[in-house]
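Open the structure and keep the sequence beside it.

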Amino acid sequence: VFAKDVAIRSDPKGAQVVLDGDLQGVCKALKHGAPDGKTPCAFSFGSAYFDSRGGKLVESKYLAIPLKITLSAEGYATKSLLLTNDTPSTWKWKEPGGKEFETTYFFIKSQNFEVRLERMIVPEESCEERAKKAFADGIQFFNEHRLDEAVRDFDRAAMCASPDPEVYSYRCMANFQLRRLEPALKDCQEFTRLRPVNDSAWNNYGLVAQALGRDEDAIKSFQQAVQRNPKNIAALQNEAISHERLNQLDAALSDYNSVLSVDPRNGESLIRRADLLNRSGECQRAEQDADAATQAGVLTSGERRAMAFAERGDGRFCQGRYDAAMNDFAQAIALYPAWAWPVVKRCECYRALSQPSKALEECNEAVRKAPDLGYMLAARAEVFLVIKRYAEALDDAQKAATHGQKDAWIYDIEGRANEGLGRWDVAIADYDEALRLDPDRIISHFHRALARRITNNPEGSQQDLSEVKRLLSLGSKLSAAVRDELESGLRALGEAR
């Protein structure tokens, strides 16, 4: 007798297969207590083997009596029974832990033989057992970055009355990576409630709040993490980032100082602190931090190493060491060719070196690489001012403002462009706006002094010049190029510093 074909018929309680031929075999697996009704059934007749999970006959040979019937159910040991004609048989056993398993077979001799599994009793798992299995499956999916499947299993694991608290932590981070931020925040809140001493939980909570733009809440969470573990470097760095986003630069600097007191070779904090120091005019310290970050082994990513060289170049540019800065920016470009920032900084170096044609080439390249970044357009506008292409300078400044660069610098550029176009009253209004945004902006005071003198306002002009000298006397942190421009301008006006 040969089993020729396999047909699968649906059965709500399990798998049923018919082997067509002189011998018919039917296996029914009745899944009492299985949570999803889909626990796989596998069985064999002699060497003909069927597995409901695959839906295929694995192997078939001529079948003969007696038949060896083998049944396996997921989670249970495989059992076999030898049957002959007209032999009913009941088979029972207990699994470790006390689970009972019972199966009854009837083998009936007739023109067509039939083997039927009438009953398979699978004891119902407890909710806690199902949750434990779902949680383990979810962790495996999470580690394989199959996040939707991970969340599905974490949802199942959370259905019991008292799930493992770690379920909320894993589901929080899975949803965070899927950018489902509100559900992630809810899970992180629950995990910190259940495990308030876990510093990593507070850091994760802060990351989700940060992604939602709730930086004040994020800072509180990161501080909770650091309170529980003062050496939690990730929390300190994340807190610094939120402080930066809120323009709380002194607090951010303090956070980076704390990181580097624990780990002096932390490359990420070195380049971030260098950036803050460059922005505040502490160029030598910025150069030192960035130089440390460029050392072998501190940063491994090419992009992050490029940022270290760019920050060191920025520090050197600020000190007027333009050739050294150009070399750093060239290193950054080699490491990260798509990045526009070191290109625009080379533009600024050439402008400071009074090479406007090369400066314009570099700025054009920076705008090509990052056309939607206002800084690139503003830097090119500065070059247009140098070569007295005032209309183009004004156009670039106005475009930069529409791309997020609406600050005192832009109003200052617009003011100087309007000066060049002879629109002195408009220029004064631009400088007024620049100084409203940044009252200590020396260069805007200086140019407004010139514009006021031209428009017959000597008293206002003198007030601005006095403010320029006062700010200079306070040791205001200026780039070498700006300081040279101011001192040259003051000399030209016959003013003593």
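R273 and D289 are both buried. In this predicted model, the two form a salt bridge, with their closest N and O atoms 2.6 Å apart. R273 sits in helix α9 (residues 267–279) and D289 in helix α10 (residues 283–294), so the pair ties together parts that are 16 residues apart in sequence.

**The protein as a whole**

The protein has 497 residues, and 47% of them count as buried. Its secondary structure comes to 21 helices and 11 strands. Take the contacts in the protein with a separation of 6 or more: residues 24 or more positions apart account for 44% of these.

**Salt bridges**

How many salt bridges are there? The count comes to 38. The table lists three of them, including the pair described above.

| Salt bridge | Closest N and O atoms |
|---|---|
| R273 and D289 | 2.6 Å |
| E282 and R285 | 2.9 Å |
| E166 and R195 | 3.5 Å |

Look at E282 and R285. E282 has a relative accessibility of 26%, so E282 counts as partly exposed. R285 stands at 36% relative accessibility and is partly exposed too.

Now turn to E166, which forms a salt bridge with R195. E166 lies in helix α3, while R195 lies in the loop between α4 and α5 (199–211), so this pair ties together parts that are 29 residues apart in sequence. E166 is partly exposed, at 25% relative accessibility. R195 is partly exposed as well, with a relative accessible area of 33%.

Six residues are linked in a network of salt bridges: E244, E268, R272, D275, R279 and R304.

**A charged residue without a salt bridge**

Next, find E414 in helix α17 (residues 408–420). Is E414 buried or exposed? E414 is buried, yet has no salt bridge. Its nearest side chain of opposite charge is that of K406, 4.4 Å away. K406 is still among the contacts of E414 once neighbours within four places in sequence are left aside.

E166 leads on to another feature, the packing of α3 against α1. Two packed helices are described by the angle between their axes and the distance between the axes. Helix α1 spans residues 127–143, and helix α3 spans residues 166–177. They pack at an angle of about 30°, with their axes 11 Å apart. That angle makes α1 roughly parallel to α3. The crossing of α1 past α3 is left-handed.

Which residues make the contact? From α1 come F135, I139 and F142. From α3 come E166, V167, Y170, M173, A174 and Q177.

**Into the loops**

Follow the chain to R180, in the loop between α3 and α4 (181–194). R180 counts as partly exposed, at 35% relative accessibility. Not counting residues up to four places away in sequence, R180 touches D148, V151 and N175. Compare its position with V208, which is 28 residues apart from R180 along the chain. The C-alpha atoms of R180 and V208 are separated by 9.6 Å.

H145 lies in the loop between α1 and α2 (147–157). Its phi is near 60°, a positive value in a residue other than glycine. H145 is exposed, with a relative accessible area of 53%.

K388 lies in the loop between α15 (374–386) and α16 (390–402). K388 is not a glycine, but has a positive phi of about 65°.

How values were computed:
Residues numbered from 1 in each chain as written. Predicted model: local features only at pLDDT ≥ 70, side-chain atom pairs only at ≥ 80, totals over all residues. Heavy atoms only, no water. Helix = DSSP H or I, 4+ residues; strand = E, 2+ residues; numbered from the N terminus. Buried < 20%, exposed > 50% of the residue type's maximum accessible area, 1.4 Å probe, protein only. Lys, Arg positive; Asp, Glu negative; His and termini not counted. Salt bridge = Lys/Arg side-chain N within 4 Å of Asp/Glu carboxyl O. Contact = heavy atoms within 4.5 Å. Axes fitted to C-alpha atoms, helices over the stretch in contact; angles between N-to-C directions. Parallel < 35°, antiparallel > 145°, perpendicular 65-115°, else oblique. Left-handed = near helix turned anticlockwise from the far one by under 90°.
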